[in-house]
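Me: I would like to learn how to read a structure such as this one, feature by feature, with the general idea before the particular case. Please show me the model, and then let us begin with what the accessibility words mean.

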Amino acid sequence: TEKSHELSLSAVSDLITVRLQASGGVKGDAWNGSVRTLDLKSPEGSWSLGAPFSLSYGLKSGELKGGELSLVSGPSGVKVSGIRVKDGSGSLEAEIRSYDFARLRAFLPQDLSLKGLFDLKSTVAFGKKEDIRADFRTGTLTVTKDRTKVSLGGIDGKVSLRGGALDAGLRVSGAGGGLITADVKAQSIRDLRSRLSGSLKLTDLRLSEYRPLLADTLRKLEGRIGADVRIGGTLGEPRLDGSVTLRDGKAETLENLVDVRDFTADIGFSGPEATIKSSLRSGPDGTLGVTGRISIAGGAPKGSVTVRTAHFPVGLLDFGTAHLTSDITAKMDSGTEVSGTAEITDTLLGMGSVLENGVGESDDIIVAGSEKAKLRMAGGEPPSNLSLRLDVRLGDDVRVDAMGFKSGLSGGVRILQKPGKPLGIFGKISVETGRYR
């Protein structure tokens, strides 16, 4: 009846099971009721109502009010209180207590698991008055990937969004004692002209502690990262001032394709400009250096980056290792211009048998219905704005040993490309003292 009614609901699916019992009735100008039972089951876990949850609705005022909604699951709890909703506006308070990230196991990749407790307190106002405030924290957070554990000391953060004004902060106690702190403020997230301020600091972050998360293929990863960056400008055109550094970098892959040591890097920010200077060593005497300056003023990057190597080993997968001495510069403006020289030395190219799928489809074959066919029907691929001029020379001791064929190689080629034109290769490669058996 209108004065007294009850509701029982049961729903079952592959993902969730719900059981609900509620009752209520109309008295005067208001409807009053309560939810007595609420049970939820999913791969994440089971939750139950901690106490009856009361609701009321003013038939004339149109205002919905709620008591305290409490859901519990072992030591974990979710509480929502202070619910008020009227004419599309309202407010509430929400709290999460001792939520264990291990409950998310069913939703994560099989080789990844999380363990740690999460707490949150927040107030939310929506509609005519927008106000969101939240504080959250974790205890020690353990990430396990392929049976390798990485432990973070804890995460603390806050978010405030009031009338469009943003104020947020984050503090992460990193593995091995490192620290990450960040904060950002914006006058209005709705206006790209809004002033922006904040900072990012990384203190003694040790890459070895994060190796399992950063790269599965690395046997070793070392180095210390630091950063002190200030954030300014506007939401539409942010400005960064400060620096990021890497010291004592070292990396080794499981397949021994990469062996890097003495890796240092300095990246400086000054408004829309960034300067780069880095160097590393590999192999017995190989070196690589990168320098450059890039500006993002106006959106598109402009500037130049130069890469110089000396007897630097380059892994060629199953074909061997080449040693490269080069001086190559990339300039960016309305297009990209790459130019320079490269010399290959002390290289043995080997292949015991024909690779599977070693012979590919010719570029002039177009299969009906393919992406290449669609591009041809639409007038072809968009023209490239790349300009390339690269001189490659085969230096001392470049040899090939493939499927019974042994020989030395000499000569060189020039690789050219102009914007909108196909790639061209000009030059001569000579086979010296070749033998096939």
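Reply: A residue is called buried under 20% relative accessible area, exposed over 50%, and partly exposed in between. Please keep in mind throughout that this is a predicted model. Under that scheme R133, with a relative accessible area of 37%, is partly exposed, whereas D131, at 10% relative accessibility, counts as buried.

Me: What do R133 and D131 form, and how far apart are the closest N and O atoms?

Reply: Side chains of opposite charge can pair when their charged atoms come close. Here R133 and D131 form a salt bridge, in which the closest N and O atoms are 3.4 Å apart. Salt bridges that share partners also bring in R162, so that D131, R133 and R162 make up one network.

Me: How many salt bridges does the structure hold, and which side chain does R103 meet in one of them?

Reply: There are 21 salt bridges in the structure. In one of them the side chain of R103 meets that of E44, with an N to O distance of 2.7 Å. R103 belongs to the loop between β9 (89-100) and β10 (112-115), and E44 to the loop between β3 (30-42) and β4 (45-49), so this pair ties together parts that are 59 residues apart in sequence. R103 and E44 are both buried.

Me: Where in the chain do D156 and R137 lie, and are they buried or partly exposed?

Reply: The side chains of D156 and R137 meet in a salt bridge at 3.7 Å, N to O. D156 is in strand β15 (residues 154-162) and R137 in strand β12 (residues 131-138), and the pair links these distant parts of the chain, 19 residues apart. D156 counts as partly exposed at 35% relative accessibility, and R137, with a relative accessible area of 41%, is partly exposed as well.

Me: Moving to the backbone, what is the phi of S98, and where is S98 found?

Reply: Most residues other than glycine have a negative phi, and most peptide bonds are trans. The phi of S98 is near 50°, a positive value in a residue other than glycine. S98 is found in strand β9 and counts as partly exposed at 22% relative accessibility. D204, which is not a glycine either, has a positive phi of about 50°; its place is in strand β18 (residues 196-206), and at 29% relative accessibility D204 counts as partly exposed.

Me: Which residues touch the most other members of the largest nonpolar core, and which elements give two or more residues to this core?

Reply: The largest nonpolar core has 24 residues, and V35, L38 and L49 touch the most other members. The elements that give two or more residues to it are β2 (17-27), β3, β4, β8 (76-86), β11 (117-126), β14 (148-152) and β18, and β2 gives the most, with 3 residues. A second, separate core has 13 residues, including L218, A251, V290 and F312.

Methods. Residues are numbered from 1 along each chain as its sequence is written. This is a predicted model: local features need pLDDT of at least 70, side-chain atom pairs count only at pLDDT 80 or more; totals for chains, interfaces and linings use all residues. Side-chain values use heavy atoms; hydrogens and water are left out. A salt bridge is a side-chain nitrogen of Lys or Arg within 4 Å of a carboxyl oxygen of Asp or Glu. Helices (H or I, at least four residues) and strands (E, at least two) are DSSP runs, numbered from the N terminus. Buried means under 20% relative accessible area, exposed over 50%, partly exposed in between (1.4 Å probe, protein chains only). A nonpolar core is a set of buried Ala, Val, Leu, Ile, Met, Phe, Trp, Tyr and Cys residues joined through side-chain atoms within 4.5 Å.
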